[in-house]
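Reader: Could you walk me through this model, starting with how far to trust it and then going into the details?

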Amino acid sequence: MEILNNNHKQTYQVLSLAHLQNLKKAKEFYDNSQTITALDFDCSGEFCVTASTDETINLYNCLTGRHESFSVSKKYGVHLTRFTHSSSEIVYASTKGNDTLRYLSLRDNQFIRYFRGHQSRVVALEMSPVDDQFLTGSIDEGVRLWDLRQPNSIDFIDIQSGRPCLGYDPSGLVFAIGKRSNKTVQLYDSRKFGQSPFDTFQIDDKYVDSSGLSSPPPEWTGLKFSNDGQKILITTSGDVHYLVDAFNGQLKQRLIGHVGLDNASACLGGEETSFTPDGQYVISGSRDGFVVIWDTTKSIDSSNTPSENIDLRPIYTLNHHVRPTQVTRFNPTKLLMISACTDLVFWLPSVDPNDIVKESEDNKPCLSSGDTVNETSSIQMQVTASTSSSVSNSLLGPVHYHLY
């Protein structure tokens with residue numbers, strides 16, 4: 001599957017249900033005493049970084065399966081850890097003391113810069129995929145645009161009230177602001193930040209809005225674009241997530257069958273959902289500890305009439321965590337999934353040796369689907385030759401660690 005981002009073709013492996021059904025626990029870490037609330041991968045997919053309510057930051061190597069380092073942020077807390085375009089630098093939000101953003105070098109555990117300006121809790125932070133700018137959003141205040149090279153915000157969008165959800169499209173040319181309070185997703189041109197949105201989608205869940213329940217509809221806690229830029233995933237704190245057409249704003253699917261985390265009041269959430277790199281599947285954590293997987297290409301059963309035939313149920317679930325699964329994320333370049341509650345789990349698939357992935361455009365070293373997981377010895381995921389004389393490259397570089 002080829003996707004053109006900024007005139008550069010990037011190839012993503014098209015996952016099959018077999019890949020997901022054969023996910024197995026490859027490594028488990030117990031480096032946190034409290035809930036892991038956020039996770040991000042660097043651009044290469046080699047490293048991931050986590051934040052936890054125990055006020056620690058942990059760095060992991062996805063290739064070796066090792067815990068690399070940890071940092072402590074006891075005075076101000078930590079949430080929404082995000083890599084810059086360097087694998088040794090992150091930006092993160094505070095959870096107490098003040099609402100300052102912190103730019104940290106993981107190499108020497110020193111702060112590079114502080115970003116001050118928000119006057120309320122920051123609940124959204126997203127790096128631009130193409131440059132050193134990033135977006136942040138705070139409750140009942142607004143959205144700010146920043147540049148890593150300067151401490152003051154470049155611009156500001158007043159949202160007046162509500163909790164903003166933020167997301168960049170893969171090109172970095174468009175960003176979206178979603179709010180449950182007015183049920184809208186607004187699209188902005190990244191090059192014209194101070195101008196009005198060029199499009200606004202009204203997202204009406206008629207089933208929830210007309211259900212007659214005494215409890216309010218679930219809060220929106222996250223917003224993500226698929227890698228092909230065609231879909232927007234809206235994460236909520238309740239028992240439903242939404243899949244929206246990124247071009248016309250049509251509510252395409254209601255993702256149900258999980259148990260909502262109900263963590264919006266703690267200013268958490270949004271980290272429990274993720275697209276797979278090919279955009280076909282959505283994965284989500286659940287309050288019962290499960291990880292659920294939806295196939296967004298699956299046609300809706302015509303018998304599902306209560307919500308106008310757009311309810312989509314999981315095609316597969318993974319059962320491991322004993323507490324709510326607060327984080328799930330697919331590695332952007334490796335066939336690796338991570339889930340977390342207080343423990344962190346690396347999941348790897350045992351794949352069909354008959355699956356061969358076509359050579360990628362950028363010719364990076366990758367794992368062919370023909371490489372199988374050996375459950376009794378060290379995993380040696382290497383580039384393999386296809387049945388022809390040419391080398392078949394997929395998305396995965398070498399990964400070396402032991403399965404349980």
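What follows is a conversation about the structure shown above.

Author: This is a predicted model, in which local features need pLDDT of at least 70 and side-chain atom pairs count only at pLDDT 80 or more, while totals for chains, interfaces and linings use all residues. Residues are numbered from 1 along each chain as its sequence is written, and side-chain values use heavy atoms, with hydrogens and water left out.

Reader: What pLDDT does the chain average?

Author: The chain averages 84, where pLDDT is the predictor's confidence in each residue, from 0 to 100, and 79% of the residues score at least 70.

Reader: And where does the pLDDT stay under 50?

Author: One such stretch is residues 302–306, for which the model has 4 contacts (heavy atoms within 4.5 Å) beyond four places in sequence. Over residues 400–404 the pLDDT is also below 50, and that stretch has 33 contacts in the model beyond near neighbours in sequence. Where pLDDT is low, the predicted coordinates should not be read in detail.

Reader: OK, overall make-up next: how many helices and strands does the chain have?

Author: The chain has 2 helices and 33 strands; these are DSSP runs numbered from the N terminus, with helices being H or I of at least four residues and strands being E of at least two. Of the 404 residues, 57% count as buried, meaning under 20% relative accessible area, with exposed over 50% and partly exposed in between (1.4 Å probe, protein chains only).

Reader: Which strands make up the open sheet of 5 strands?

Author: Its order is 20-21-22-23-27, with mixed pairing, where two strands pair if DSSP finds at least two bridges between them. Strand 20 (220–225) and strand 27 (311–312) are the edge strands, each pairing on one side only. Strand 20 runs antiparallel to strand 21 (residues 231–236), with 5 bridges between the two, and tryptophan 220 has threonine 236 in strand 21 as its bridge partner.

Reader: Which residues have the most contacts inside the largest nonpolar core?

Author: They are Val185, Leu187, Ile232 and Ile234, in a core of 20 residues; a nonpolar core is a set of buried Ala, Val, Leu, Ile, Met, Phe, Trp, Tyr and Cys residues joined through side-chain atoms within 4.5 Å. Strand 17 (174–179), strand 18 (184–189), strand 20, strand 21 and strand 22 (241–245) each supply at least two residues of this core, and strand 20 gives the largest share, 3 residues. Setting aside residues up to four places away in sequence, valine 185 touches a list of residues that includes Trp220, Leu223, Ile232 and Ile234.

Reader: What does the second, separate core include?

Author: That core has 15 residues, among them Ile36, Phe41, Ile338 and Leu348.

Reader: Switching to phenylalanine 83: is it buried or exposed?

Author: Phenylalanine 83 counts as buried because its relative accessibility is 4%, and its place is in strand 8 (residues 79–83). Aspartate 40 is 43 residues away from phenylalanine 83 in sequence, yet their C-alpha atoms are 6.6 Å apart. Beyond neighbours within four places in sequence, phenylalanine 83 contacts residues including Asp40, Phe41, Leu59, Leu106 and Met127.

Reader: Last one: how many residues lie between the strands in the hairpin of strand 10 and strand 11?

Author: There are 4 residues between them, and in this hairpin asparagine 109 takes a positive phi near 60 degrees. Strand 10 (residues 101–105) and strand 11 (residues 110–115) run antiparallel and are joined by 5 bridges, with tyrosine 103 having arginine 113 in strand 11 as its bridge partner.
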